[in-house]
Amino acid sequence: MFSEFISGALLVFEWPAFGYLLLGILVGLWLGAVPGLGGGLGIVLALPFTYGMEPAQAIALLLGIYAVTATSDTIPSVMLGIPGTASSQATVLDGHPLARSGKAARAFGAAFTVSAFGGIFGALMLAVSLPLALPIILKFNNPELFMLAVAGLVMVSSLSGASLVKGLIGACLGLLLSTVGYADDASIPRYWLGTPYLLDSLPLIPVVLGLFAVPELMDLALRDSSISRVDNRDGGSGEMMAGVRAALREWWLVLRCSAIGVYIGMIPGLGGAVVDWIAYGHAFQSSKDNSRFGKGDIRGVIAPEAANNAVRGGALIPTVAFGIPGSAMNALLLSALLIQGLQPGRAMLTTNLDITFSMVWTIAIANVLAAGVLMVWSGYIARLAFLPSHWIVPGVMLFVLMGAWSANFHTGDWVSLLAFSAIGFVMKRGGWARPPVILAFILGGLMENSFLLSWKIHQGVGWLTRPIVVVLGIVVVLTIAFAIRTARKKATTSTGNASLSDADDEEDMTLSLLTAVLLAVVFAGACLAALAWPTFVRAFPLIAAVPGLGLVLVLLSGQSRRLARVPGAVKVALQATIADTTNRKAAMFFGYLLALFAAALFIGQKLAIPAFVAIYLLRWGRFRGAAVAGYACVCWAILVLFYDRLVHILWIRPVLAQPIDGLVPDWLPLWLIH
Amino acid sequence: MSIKQKAQFLAVALALAGAATVAQAQDFAGKIITIINSNPPGSGGDLHGRIFAKYFGRHLPGTPEVIVINKTGGSGAAAMNFVYETGTKDGTTLCYCGFDAAAVIAEAPGIRYVPENMDIIGSAVTNLVFAARKDRVPDPASLTDDSALLIGGRGAGSAMGTMGNLGLRVLDANYRYIPGYGGFSKISASMLADEVHAGHAGLSGFLRFFGWDHEDIGAVYYHPVFDAQGAELPRDSASLPETLPSISELHQSLHGVAPSGQWWDAYVWYRSKIMSATIALTTPPGLEPGLVDVLQDAFQKTTSDPEYLAEYRETISEPPTFNSTEMSESLFSGFRDMPAGVAEALQEIVSE
């Protein structure tokens, strides 16, 4: 085995395999750092180029991309409060407050250090666990998967907001949203509002970007300052080293969270979506003093970042050993292995063991190199926190818009983005945590599928007595009990501790109530609509909507009792909301987005988006001259060169295509225009 | 030159100009052909499409660049709708899609394309097998045991589910169908964990996840292909081992007679009419006939290109059987003519 271990290393360091690895790392860093792209896109783009390569070269390129997106996705999470990928949501809770207090470099120093460690740990576990993994994987059947997802959701709901009830309501909303479209095993569309776009379920990326990215960008635009709210621009390298030291000091937490990452990653289907939350929850619950969590505690960055890199090695175990891909990205890697003539299974542990070890080496080396590169760059990246926000907003907005559009190349993608941006903004302002909504939305499909398959296979609910299901059920109960105890403790001490929320510090009472009332209507309507469907089709929507409705009514009754104690409180809250300049500016920002969408329909995205960028810089940023023109031109070049020529996306066919074409001289290719 | 001569000259000139325009339309030099693939990136169907795209351009006049864009959803309907409604009518937008004839016949919500209005450039029929755990189906006779086999699948109404379950009815197998699996990767994981015991699979999926020598899972029989008269065609010996029986051979060994009756009639019809164009390359409606001929010719040349076939073998497995242009066209236009007995049988299968 040792000779194969060395042969695997030699395969990685051979030229041109090592060159492909470096290329993969750079591509992966870029894709992880831009919200809405992600490693899956990189693998799709790179896959056709690997057909003619040697296995080690192809693996170096693809695993280079695969391994490091979880390292660079920290950047938007910390800097903008926007998760770069699904596995960096929990990093937002403490990473973004650190950036706002001028300590982005500290967050990066800690995150990149533990990312490297987590990645190496995941790779090592991949090496040693391959022969031992089968019994664990085969124990996690549909009932266990369902219960594990429930445990993850309850953990997120209890952690990511000041109110457990609001967190659980958010989770119910996310689950309900995941049921839009065709049911799994019957040709009955649910909640599709007569719109064919909704027949296939709501697309993930526009929903995530709408709920998270646009409200955060609006926040930046409306504050008219920089990401950092304090001036600490001289502390770059010192802060970064402080982050590195913090990571080394917390080595035991890093080790535990890396192990969580590997073992959660091994379970097909869950992987990255939930692991950062479980690690975050573990850090929170195992800390003696957790009063700083949610306000910029470095342990809140260390825990999820160690886990979400380690998860990659763990997720490769079922893919390589059994051909069971746990996620879309792993399915792509499985394709790449098969294209190379590598059949997952025993051969990967015997005749192709050197290739397997080359994968281990690739992941380890990629993580170390990526962390090194980002350490070097982190000083520069952290300085972005002190730039005027108006330089950042339009550029990131371009990627948000195109990320959403890439979901289906359909105008519905932008409508979804806008709708969920409004929902996200109202939730943020109204003190509703958004992570439970997103996580439930991501896991909803898997949970419904696992629940229904368990029901059908076991012909009832007998599966609830399976040992692992019972253990996970106890974890759920303990998590809720712990959250209630923490909330009571907080209420009695009034210290404001342990308030972990991505929502605004000051809750807008009107928007909070408005959200609750709207949710009550949505849940009630969902229940009524579901009653008309067959049992298996309506079961899961009701599992989401009935508890959701009950919890909203509990919340509303509590809030109305509180309001009743203060005469005229509703009127005062309403007047405050109307007078709030943030809300009015937000309405204006939405107006800009609507105008952009209308313009794109008439003249196409390649002209409309740079025009939006220029107008934003002129009107909101009050910039002038060559800087505005240059910025808009760069945006146009990204649209044309990256999205059109490289990614080959489909564009809106503008209403005014013919008149525009008539104005374009013959020598100018039309793809430059629309 | 008299007026008559001038008129004749003008007519000839116009005809030549028209022919030149058609020829120009059929020359793809400098153009980009976009193939919309209804399969998700990295899936077997995606690989089929990408390898095809790599070679298709070289058989078209002007050797254009051919790119693939994945547009998933609605069991292929999203891609078909897109091409049907917005595809350019100059041959530069094509759909490499799984064609869901059952959904079209049922007028399922979301189906906005009318296959008969589109032109079919070519199609292929894939080999299908029934895979099962070896401990649950140690021999064919165990298919009819008292304890029901649990069969994992996407849904009884899906093309693969309907086809596979018709086969089980033909064999008089004792089974319980568990619908709701997203695809064969999930079914295979569930089979390995012994949650379900068997599943219906395309040959490439079976080879991808198990292969012929797998310790725990094996192929029990394969679904043969039939000609237009319903006669069973010989086995595809390059892809299927001699030891693997066809469903009719298995029926013979289990029951002592060749299969017949309502289930068999429905099975043959479904395999011939619905499951014989599992992959189809189509165009938006309204293409000029000459252009369609050029594209059809390029399809046939691509699918017999030795380099294409070699890469297909190397990358995936043995290529599927590609239908002739005439066969493809007849499948695309004749799928709605369902006999009453077949409709009755399908109704029962779908409502399982």
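Author: Before we start, one term is needed: a helix here is a DSSP run of type H or I with at least four residues, and helices are numbered from the N terminus. Please also keep in mind that this is a predicted model.

Reader: With that definition, in which helix is H251(B) found?
Author: The helix that covers residues 247–255 of chain B includes H251(B). The element is therefore one of the DSSP runs numbered from the N terminus, and its name is helix 8 of chain B.

Reader: Is H251(B) buried or exposed?
Author: A residue is called buried if 20 or more other C-beta atoms lie within 10 Å of its own. Around H251(B) there are 22 C-beta neighbours inside 10 Å, so this residue counts as buried.

Reader: Which residues does H251(B) touch, leaving out those up to four places away in sequence, and how far in space is V170(B)?
Author: When residues up to four places away in sequence are not counted, H251(B) touches V170(B), L171(B), A258(B) and P259(B). V170(B) is 81 residues away from H251(B) in sequence, and yet the distance between the two in space, C-alpha to C-alpha, is 7.8 Å.

Reader: Where does D172(B) lie, and what is its phi?
Author: D172(B) belongs to the loop that runs between helix 5 (159–171) and strand 7 of chain B. With 13 C-beta neighbours inside 10 Å, D172(B) counts as partly exposed. Although D172(B) is not a glycine, its phi is positive, at about 60°.

Reader: What is the order of the strands in the open sheet of chain B?
Author: The sheet has five strands and mixed pairing. Its edges are strand 7 (175–179) and strand 9 (217–223) of chain B, each of which pairs on one side only, and the twist from one strand to the next averages 30°. Read across the sheet, the order is 7-6-8-5-9.

Reader: Over how many bridges do strand 5 and strand 8 of chain B pair, and which residue stands opposite A132(B)?
Author: Strand 5 (residues 128–133) and strand 8 (residues 198–202) of chain B pair in the antiparallel sense, over five bridges. The residue in strand 8 of chain B that stands opposite A132(B) is A198(B).

Reader: What angle does the direction of helix 6 of chain B make with that of strand 8 of chain B?
Author: Helix 6 (residues 184–192) of chain B packs on the sheet and touches strand 5, strand 6 (149–153), strand 8 and strand 9 of chain B. Between the direction of helix 6 and that of strand 8 of chain B, the angle is about 145°.

Reader: Why is helix 3 of chain B described as largely enclosed, and what covers its buried residues?
Author: Helix 3 (residues 77–86) of chain B has ten residues, of which seven are buried, so the helix is largely enclosed by the rest of the structure. Among these buried residues are M80(B), F82(B) and Y84(B). The elements that cover the buried residues include strand 1 (32–37), strand 3 (93–97), helix 4 (101–105) and strand 10 (279–282) of chain B.

Reader: What is the radius of gyration of chain A, and how does it fit a compact globule?
Author: Chain A has 28 helices and two strands, and buried residues make up 58% of its 674 residues. For a compact globule with 674 residues the radius of gyration would be near 26 Å, which agrees with the value for chain A, 25 Å.

Reader: Which peptide bond of chain A is cis?
Author: P16(A) is found in the loop between helix 1 (2–13) and helix 2 (17–33) of chain A. Omega is about 15° at the cis peptide bond that joins W15(A) and P16(A).

Reader: How many residues of chain A are in contact with chain B, and which class supplies 21 of them?
Author: The contact involves 34 residues of chain A and 32 residues of chain B. Helix 16 (328–339) and helix 20 (435–458) of chain A each supply at least two residues of the side that touches chain B. By class, this side of chain A has eight polar and five charged residues, while the 21 are nonpolar.

Technical notes: Residues are numbered from 1 along each chain as its sequence is written. Chains are lettered from A and ligands numbered from 1 in the order in which they are written. This is a predicted model: local features need pLDDT of at least 70, side-chain atom pairs count only at pLDDT 80 or more; totals for chains, interfaces and linings use all residues. Two residues are in contact if their C-beta atoms, placed from the backbone, lie within 7 Å. Ala, Val, Leu, Ile, Met, Phe, Trp, Tyr, Cys and Pro count as nonpolar, Asp, Glu, Lys and Arg as charged, and the others, Gly among them, as polar. The radius of gyration is taken over C-alpha atoms; the globule rule is 2.2 Å times the number of residues to the power 0.38. A residue is buried if 20 or more other C-beta atoms lie within 10 Å of its own, exposed if 12 or fewer, and partly exposed in between; C-beta atoms are placed from the backbone. Two strands pair if DSSP finds at least two bridges between them. Axes are lines fitted to C-alpha atoms, for helices over the stretch in contact, and angles run from 0 to 180 degrees between N-to-C directions.
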